[in-house]
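Me: I'd like to talk through this model before I use it. Can you take my questions one at a time?
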Amino acid sequence: MLKYTFGRILSGLVTIWFIATATFLAMHAVPGDPLMNEKATTPEIRENLARKYGLDKPIAEQYVIYLGNMVQGDFGISFTQQNRKVNDIIQDHFPVSAALGILAITFAALGGILWGALTALYRNQLPDIIIMFLVILGISVPSFVFAALGQLLLVNINQWFNISFLPVAGWGTFAHMIVPSLVLGLGTMALLTRLMRSSMLEIVNEDFIRTARAKGLSPSRIFFQHQLRNAILPVVTVLGPQIAAITTGGFVVELVFAIPGLGRYFVQAVQQLDYTVIMGTTVFYGAFLVFMVILVDIIYGFIDPRVRLK
Amino acid sequence: MLDFDFHDIEPMTMPKILILTLLIVAFTNPVMAQSVDAAAQTVKIALAQEPPQLNNMTATDQVSIFVLGHVMEGLTRYDRRGNLAPGVAERWELTETSATFWLRKDAKWSNGDPVTAHDFVFAWRNVVDPKTASQYAFILYPVENAEAINQGNKPLTDLGIQAIDDFTLKVTLERPTGYFLKLTAFVTTFPVQEKFYRATGSAYAADSKDILYNGAFRISDWVHSASLKMEKNPNYWNSKAISLEVIDAEYITADTRARLNLFIDEKIAYTQLDGETYKDALNNQFRIKKFVTGSVYFLEYNYRPERITHNKKLRQAIQAVFDPDEFVNKVLQTPGNLPGASLFPSWIMGVNKPFRQEYPAVVTRPDLAKAKQLLREAKAELGLEDIPPLILLVSDSPTATKQAEYMQGMLKTKLDLDLKIDVQTFKQRLAKMTTGDFDIVGAGWGPDFDDIMTFGDLFASWNLNNRGRYNNPEYDRLVRRAMNSNDPEVRMAAMAGLQTIVHEDAIILPMYEQGVIYLQHPKIKGMRRTVVGSDPDFTYARIVP
């Protein structure tokens, strides 16, 4: 197990290095000058800015300096917020995205498992058809639609009852998190429901279920102890990357609900060609993703002994 | 090894917990303070984005300037009626060659220190210091040697600013600058205390505690990207004239629909609308207010010799078929925009009245026959059978694309001219504008200071914002004449000459003067909208019961 874990971590580090390099190259290949702004600047001022950010050096040298700083955990200073460190940006805004993401993923996982199991139990019956219709909706409708609709619904509810039932937008209390996290988790919930359903259906016809039934075990015991536990494995597999994806911020949800998460920086940095923030957030996100995948691999070993034996 | 045991969980527990949670939240959630409060004199608003730069020496964007205008003050300021009034300077004297300011002794920083002439000297030197790389350094170019210092040709100490004593500031001017006082109300020229600045290292203005305030308000709480709260500054010399206690930007989002929803929910008291949210605001029967922002939008041609837009007849042909009235009504659709007629917007002041009333712009009425004739002549001059497709460079906003498509359709049907629309993101568009990779570019210009020159010198051959490299010695001569005079008659006559050249030479195709529509809580009085500087200005606002 130790050797297995060590091997996974090593390959994870290589992956992160690859992500950093690929992002660095892609970013510099994008046309446009990160130091340019609406008002034209004199060549002298541009030169000074370039010197400040080290963009006056050859690309290979920039890359080496960049990797060196990255290893020391220093992502530099933002181009758009010229007095703010990228490390501070990640430190300030990742916890927000993470809090929201954890709530969203909890909601998505619980919902996904519940709905998935239900649809499998009532296969081809009315509950199955209704839920699967909603699932298709959840997968195909983009999150900005849900975000806008969710907020509109809140405004209307507040207007009808003439009380502040839940805040329309903003950040600070648990009440602020409820609707955004529901919206954020909706897509993942739909995905997990589908996964759960198919893996439940596979298991229903397995020999050991028939044996359990023949032994005379109660249906609820068969369901919880034998079906659910086996069917949950594929869900756990996708949960890792999904957690990473959700907790690093949903750009649209953050924008609509005025939430100070990392997702906004992630997207705006690309639009603004803010090199240091692009690199910082991408590498951070990449590293987090890799970490979650490794974690899932290890947890997998606990849930399914067969994985460890291999 | 973990053991999952689902035995103990009753199937009904989860929904029960959920419902319970929601109920608890619903009933324990205190009724939150509303968007305005007359007793506490607070107003809640939303910012469109996190202020990227609260260092006033390098700030360039609207949100930062909005915040800075409330928390800091320059030598002069705008009063509640929008007139220039004393700020840190109590009185002043402006001549053709210099400006002297006598500072009030009760102007204080938020740490209690007096604001002195040295704070201005430090800040202004810093602005023009090439190392600072301030994009707004040009604001100070009327000061002696500023431009040379900014280009690295002279030492900082050569800047024409001098603290005669702690409370007397003398500025030597490079050339007569009638509008110099107006510049001293702009954020770039605000003071900074050297001692404090040095103590923060490179983090000046990175957080609310990293700025010294000398304005009517100070930032009491700033959670990055989440909220920014401004409270009345007790150290402000004129704090008795300030009614508002708190301006609380409790939300930061660029999403106009989210801001409208917050307004409907009475969480914010002011929000700007766009084409999409306008209809919803109408449906909610809000009173919609209008304001002309001061910006002019136009199509700018590329004059580099290898481009066919270099040909005057071709530009005139396009001018002769474009109908700005139709454009504003059909394409823009939100109220408040004015049809484009000139490089100078209608609000710019002339000698005594608005410039455009003193010198009305010549407007070409659409004339298809004339346009076709001009196009034939253009083809003959260029020696071309057909005009190859022209590249129209625009930004990737939905409105810009829509405007470009209108032009494309209009020129195709009326003149059989092909436009190729090149949609680019912000930085890419700028890069192409700078290298000249376009025939026509959708551009706009907003005023940096309250004087006609902020528009007038735009197409001077030396102006770097003249992206099409228009070069006309007569234009340059008129700009110089206006620049070197303090006499309004002379200056405005020169500008009228420019206005004629812009039209006759078809340098640009003016499309519209931007107007915005917005919602404002009826209990807010005295909120001032302004085309230059901090907009909207809440400094003298108050909440009525």
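Me: At what angle do helix α4 and helix α5 of chain A pack, and how far apart are their axes?
Reply: In this predicted model, α4 (residues 86–121) and α5 (residues 126–140) of chain A pack at about 140 degrees with axes 8 Å apart, where axes are lines fitted to C-alpha atoms, for helices over the stretch in contact, and angles run from 0 to 180 degrees between N-to-C directions. Helices (H or I, at least four residues) and strands (E, at least two) are DSSP runs, numbered from the N terminus.

Me: So what do we call that arrangement of α4(A) and α5(A)?
Reply: The angle makes α4(A) oblique to α5(A), because angles under 35 degrees count as roughly parallel, over 145 as roughly antiparallel, 65 to 115 as roughly perpendicular and the rest as oblique.

Me: Which residues meet there?
Reply: From α4(A), W115(A), L118(A) and T119(A) meet P127(A), D128(A), I131(A) and M132(A) of α5(A), a contact being two residues whose C-beta atoms, placed from the backbone, lie within 7 Å. By class, that contact has 5 nonpolar, 1 polar and 1 charged residues, with Ala, Val, Leu, Ile, Met, Phe, Trp, Tyr, Cys and Pro counted as nonpolar, Asp, Glu, Lys and Arg as charged, and the others, Gly among them, as polar.

Me: Switching topic, how many residues does each chain put into the contact between B and A?
Reply: Chain B gives 54 residues and chain A gives 51.

Me: And which element of chain B gives the most?
Reply: That is α14(B), with 6 residues, and the side of chain B that touches chain A divides into 29 nonpolar, 18 polar and 7 charged residues.

Me: How is chain B divided into domains?
Reply: Domain 1 of chain B covers 73–193 and domain 2 covers 292–515, with bounds that come from an automatic or database domain assignment. Their C-alpha centres lie 34 Å apart, and each domain supplies 9 residues to the contact between them.

Me: Where in chain B is confidence lowest and highest, by element?
Reply: By mean pLDDT (the predictor's confidence in each residue, from 0 to 100), α1(B) is lowest at 50 and strand β8 (residues 168–172) of chain B highest at 97. For chain B as a whole the mean is 90, with 94% of residues at 70 or more.

Me: What numbering and cut-offs apply?
Reply: Residues are numbered from 1 along each chain as its sequence is written, while chains are lettered from A and ligands numbered from 1 in the order in which they are written. As this is a predicted model, local features need pLDDT of at least 70 and side-chain atom pairs count only at pLDDT 80 or more, whereas totals for chains, interfaces and linings use all residues.
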